[in-house]
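User: I'm new to reading protein models. Could you walk me through one, feature by feature?

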Amino acid sequence: MNRESFAAAERLVSPAYMRQGCEARRSHEHLIRLLLEKGKCPEDGWDESTLELFLHELAIMDSNNFLGNCGVGEREGRVASALVARRHYRLIHGIGRSGDISAVQPKAAGSSLLNKITNSLVLDIIKLTGVHAVTNCFVVPMATGMSLTLCFLTLRHKRPKARYIIWPRIDQKSCFKCMITAGFEPVVIENILDGDELHTNLKAVEAKVQELGPDNILCVHSTTSCFAPRVPDRLEELAVICASYSIPHIVNNAYGLQSSKCMHLIQQGAQVGRIDAFVQSLDKNFMVPVGGAIIAGFNDSFIQEISKMYPGRASASPSLDVLITLLSLGSNGYKKLLKERKEVFSYLSIQVKKLSEAYNERLLHTPHNPISLAMTLKTLNEQHDKAVTHLGSMLFTRQVSGARVVLPGSMQTVSGYTFRGFMSHTNNYPCAYLNAASAIGMQVQDVDVFIKRLDKCLKTVRKEQNKESNVSGVDKHDKTEDVDVEDMDLKLDNVLLDTYQDSS
């Protein structure tokens with residue numbers, strides 16, 4: 001309702017009451033006006049009524065919601081299901097145009113405004129988390145892997161002779177397949193073992209640049225966030241190498257936005273050398289559904305080139321999700337989540353260390369990895385590889401998600417390339433280990449439940465190993481066993497062992 005509507009309503013309801021209602025509405029509108037004027041995430045989160053008012057105002061600016069609209073084209077925002085329309089707040093047209101994902105749609109002013117303000121809020125958050133020099137970014141409705149592919153395809157037009165992408169090894173399939181999908185040949189640089197940590201082999205990177213020739217290299221594809229015992233790549237040194245040889249540098253910052261350490265590395269790399277773009281996931285950093293990523297960089301024109309490379313219009317769902325989330329949290333709410341994540345990581349480290357020592361294992365010393373940690377499984381692996389994998393399957397069947405057990409030396413073929421020691425980021429890591437991570441949104445209670453279940457699983461695996469040792473040379477017909485709940489669980493674990501291995 002506008003001023004004229006409130007004035008008309010005063011003939012029906014007491015003017016004093018209507019003025020009070022008008023002021024209440026103005027308080028909501030004031031928040032919306034500040035958002036549009038400043039283009040920054042509000043310090044304090046909005047309530048749901050303000051959010052829904054804003055989204056409703058955006059939706060009625062799209063042509064599919066015009067009263068009396070007559071659409072005679074093939075894409076007019078028609079939706080068969082009212083439930084689907086409500087799910088998307090009737091913002092049906094998506095974002096961008098056929099030639100640019102960031103362009104404004106003439107018949108969808110509301111959706112276009114949503115796209116612009118979301119990109120502006122995300123840019124503000126990137127600066128807030130430590131990359132102050134960033135100049136431009138945009139939300140793309142693809143996960144991290146395909147977003148990296150889009151970056152590589154954009155570089156193809158700038159470096160038509162290039163065939164290779166130099167890639168310090170990280171054992172995660174989408175990181176590798178995104179280069180294959182873009183049509184390039186990955187040049188894998190093996191990591192260096194320093195204590196327990198796996199570091200970037202800078203000498204090997206520079207030697208490979210000299211061997212292949214800078215003009216034949218599309219870019220260096222580095223990584224920040226990763227599973228321990230690997231640690232973030234040495235971005236500053238890599239950025240200097242890229243600047244020295246005039247080679248582009250793309251950073252996979254998948255879940256690094258939540259880490260001040262990873263964001264500091266990107267900021268420093270851009271200051272001392274060259275970083276062309278860095279890509280981060282929406283779901284991992286903002287707790288929204290899977291399906292979106294942020295492509296950001298320090299050269300405004302290059303980021304615009306990437307956005308123009310995206311073919312066709314795009315779904316507005318990832319942008320809508322992150323907009324709602326950031327307006328609900330506010331910058332103070334998001335900073336609180338980042339602070340809590342650090343505290344939970346410290347707590348997780350302490351608890352895993354205690355548990356590992358109780359089983360004659362140890363927490364791997366990986367101080368340069370701010371998100372992930374690992375504990376050894378040497379005593380299990382001494383018996384048989386199956387015991388290690390069995391532990392993983394037990395955690396999986398007991399609803400512990402995210403933890404991974406890693407065996408050294410296992411072989412895996414990805415897109416025609418065979419990796420030895422896959423998942424451990426190196427050919428021959430010294431021991432088997434178990435991974436866990438503290439990502440944004442994780443709570444102390446989650447750590448406590450994880451430690452309790454891991455403790456029980458380790459006890460059960462040890463018990464099974466002892467049974468196998470005791471029955472060696474004993475006639476099974478003379479041996480009686482008590483069937484208890486743990487024995488039944490073991491049978492279930494063995495049945496689901498293959499399922500766990502496939503999911504890993």
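User: Where is proline 229 found?

Analyst: Proline 229 sits in the loop between β6 (217-223) and α9 (235-245). Those names come from DSSP runs: a helix is H or I over at least four residues, a strand is E over at least two, and both are numbered from the N terminus. The peptide bond from alanine 228 to proline 229 is cis, with omega near 15 degrees. Before we go on, note that this is a predicted model, in which local features need pLDDT of at least 70 and side-chain atom pairs count only at pLDDT 80 or more, while totals for chains, interfaces and linings use all residues. Residues are numbered from 1 along each chain as its sequence is written, and side-chain values use heavy atoms, with hydrogens and water left out.

User: Which value does phi take in arginine 90?

Analyst: Phi of arginine 90 is near 60 degrees, a positive value in a residue other than glycine. You'll find arginine 90 in the loop between α4 (82-87) and α5 (109-128).

User: Is arginine 90 partly exposed or buried?

Analyst: Here's the scale: buried is under 20% relative accessible area, exposed is over 50%, and partly exposed is in between (1.4 Å probe, protein chains only). Arginine 90 has 31% relative accessibility, so it counts as partly exposed. Now try histidine 425, in the loop between β13 and β14. Histidine 425 also isn't a glycine, and its phi is positive, about 70 degrees. With 0% relative accessibility, though, histidine 425 counts as buried.

User: How many bridges join strand β12 to strand β13?

Analyst: Two strands pair if DSSP finds at least two bridges between them. Strand β12 (residues 411-414) and strand β13 (residues 417-420) run antiparallel and are joined by four bridges. Glutamine 412, for instance, has phenylalanine 419 in β13 as its bridge partner. The hairpin has two residues between the strands, and serine 415 takes a positive phi near 50 degrees there.

User: Which strand has buried residues on both faces?

Analyst: Look at β10. Ser372, Ala374 and Thr376 on one side and Leu373 and Met375 on the other are all buried.

User: What is the volume of the largest pocket?

Analyst: Rolling a probe the size of a water molecule over the atoms shows where empty space is left. On a 1 Å grid over the protein atoms alone, a pocket is an open set of points where a 1.4 Å probe fits, with protein on both sides within 12 Å along at least five of seven lines; lining residues have an atom within 4 Å of a point. Grid points are joined across faces, edges and corners, and a volume is the space filled by probe spheres set on the points. Here the largest pocket has a volume of about 920 Å³. It is lined by 38 residues, and the closest to its centre are Phe227, Ser401, Gly402, Ala437 and Ala439.

User: Which element gives the most to the lining of the largest pocket?

Analyst: That's α16, with four residues. Elements that each supply at least two residues include α6 (144-158), β14 (433-437) and α16 (444-470).

User: How many salt bridges are in the whole structure?

Analyst: Side chains of opposite charge can pair when their charged atoms come close. The cut-off is a side-chain nitrogen of Lys or Arg within 4 Å of a carboxyl oxygen of Asp or Glu. A search of the whole structure finds 17 salt bridges. One of them joins glutamate 29 and arginine 25 (2.8 Å, N to O). These two are four residues apart in helix α2 (residues 15-38), so about one helical turn separates them. Arg25 and Glu29 are also linked with Glu57 in a network of salt bridges. Another salt bridge brings together the side chains of aspartate 171 and arginine 169 (2.7 Å, N to O). Aspartate 171 is buried, with a relative accessible area of 3%, and arginine 169 counts as buried too, at 0% relative accessibility.

User: How many disulfides are there?

Analyst: A disulfide is a covalent bond between the sulfur atoms of two cysteines. The rule asks for a pair of cysteine sulfur atoms within 2.5 Å, and the count comes to zero disulfides. Take cysteine 137: the closest cysteine sulfur, in cysteine 151, is 12 Å from its own sulfur, which is too far for a bond.
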